[in-house]
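Here are my notes for your review. Please read them with the structure open.

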Amino acid sequence: MSFEEMMLGRDANVFADFFIDKLTESELILDCGCGEGAISAGLVQYVPSGSIVGIDLEIEEFQPVSTYLKEKQISNLNFAGASILELPFPSNSFSACLCHSSIETLPDPVEALKKISRVLRPGGLFGIAAVEYEGLLIAGEQEVLLRKFYEVREALWRLEGIANPRMGKHLRKLLHLAGFEEVEAHARYISHGSKEEIGYFGNDRAANCESPWYVENALAHKLVTREEFKEIQAAWQRWAEAPDSFVAFTWCRALGWKPK
């Protein structure tokens, strides 16, 4: 998959529209837990006289986006390997910050939000988004098996301390506890319902059923048997080709401002 294809799958106009609406052209933005940088790269066009810094622990993921930036001659987006809990920036460095799909992976979300607030300027904008598994919609044959995939994933994430995929609905509370003001929250469904989207999504989930880490840890915790994994994988493969397949996730998002 090319980086531009990756950007289509994580389109900033879809995943960060609530944040983009509040930006000015000269913002200095920190993208916390940016992953491969697809959303960060999508934000560039909205801050032509500003700049963006994306941080993540997995710095090897920055290679594709670095190549993309060089090819497109984009100079106002940079990346650094860093933890949200130990941000290597002076206080009051950024005018805006985005934290997408990261807060649910941290053991103490409020403390992490306070760390982010430190590097924001007084009056600075903070945008946050997290998936909410309570709102998962799935249609298609063998729905029980398809949902079993997510039941196993959620249980494994919790047991291994990786993520809490039901934190989204609490974002407004978390921002208030961290000291942000004028907090507003809402939710949006992000759907996969075209032939191309269904094919990619279903086959990707089928491939997850062969991921060594996922399979071996799920088996070790006795969340599923190897035979059940094969059944779940086959169900996703059939789902990827079926004309009646559909899936949608609830993404909860919130905005807040650092007190002036």
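1. Start with Gln73, which sits in the loop between helix H5 (62-72) and strand S3 (77-81). The model is predicted. Phi of Gln73 is near 55°, a positive value in a residue other than glycine. Gln73 is exposed, at a relative accessible area of 73%.

2. Glu182 also deserves a look. Phi of Glu182 is near 50°, and this positive value again falls in a residue other than glycine. Glu182 belongs to strand S6 (residues 181-192). With 61% relative accessibility, Glu182 is classed as exposed.

3. Next, the packing of H7 on H11. How do the axes of these helices cross? Helix H7 (residues 143-159) and helix H11 (residues 226-241) have axes that come within 9 Å and cross at roughly 120°. The two helices are therefore oblique to each other. The crossing of H7 past H11 is left-handed.

4. Which residues make that contact? From H7 come Leu145, Leu146, Lys148, Phe149 and Tyr150. From H11 come Glu231, Ile232, Ala235, Trp236 and Trp239. By class, the residues of the contact of H7 with H11 are 8 nonpolar, no polar and 2 charged.

5. H11 has a contact with H9 as well. The axes of helix H9 (residues 195-208) and H11 come within 8 Å, with a crossing angle of roughly 170°. An angle over 145 degrees counts as roughly antiparallel, and H9 and H11 are therefore roughly antiparallel to each other. On the H9 side, the contact uses Ile198, Gly199, Phe201, Gly202, Asn203, Arg205 and Ala206. On the H11 side are Gln233, Trp236, Gln237, Trp239 and Ala240. The contact of H9 with H11 divides into 6 nonpolar, 5 polar and 1 charged residues.

6. Ala207 is in helix H9. Ala207 is partly exposed, at 44% relative accessibility.

7. Now the aromatics. How many aromatic pairs does a search of the whole structure find? There are 18. One of them joins Tyr133 and Trp157, with ring centres 6.0 Å apart and planes at 40°, so the pair is tilted. Tyr133 is in strand S5 (residues 120-139) and Trp157 is in helix H7, so this pair ties together parts 24 residues apart in sequence. Is Tyr133 buried or exposed? Tyr133 is buried, its relative accessible area being 8%.

8. A further pair involves Phe149 and Tyr214: it is edge-to-face, at 5.6 Å centre to centre and 70° between the planes. This pair links distant parts of the chain, with Phe149 in helix H7 and Tyr214 in helix H10 (residues 212-220), 65 residues apart. Both Phe149 and Tyr214 are buried.

9. Last, the aromatic cluster. One cluster is formed by Tyr133, Phe149, Tyr150, Trp157, Phe201, Tyr214, Phe229, Trp236, Trp239 and Phe249.

Technical notes:
Residues are numbered from 1 along each chain as its sequence is written. This is a predicted model: local features need pLDDT of at least 70, side-chain atom pairs count only at pLDDT 80 or more; totals for chains, interfaces and linings use all residues. Side-chain values use heavy atoms; hydrogens and water are left out. Axes are lines fitted to C-alpha atoms, for helices over the stretch in contact, and angles run from 0 to 180 degrees between N-to-C directions. Helices (H or I, at least four residues) and strands (E, at least two) are DSSP runs, numbered from the N terminus. Angles under 35 degrees count as roughly parallel, over 145 as roughly antiparallel, 65 to 115 as roughly perpendicular and the rest as oblique. A crossing is left-handed if the near helix is turned anticlockwise from the far one by less than a right angle, and right-handed if clockwise. Contact means heavy atoms within 4.5 Å. Ala, Val, Leu, Ile, Met, Phe, Trp, Tyr, Cys and Pro count as nonpolar, Asp, Glu, Lys and Arg as charged, and the others, Gly among them, as polar. Buried means under 20% relative accessible area, exposed over 50%, partly exposed in between (1.4 Å probe, protein chains only). Rings of Phe, Tyr and Trp (its six-membered ring) pair if their centres lie within 6.5 Å; planes under 30 degrees apart count as stacked, over 60 as edge-to-face and the rest as tilted.
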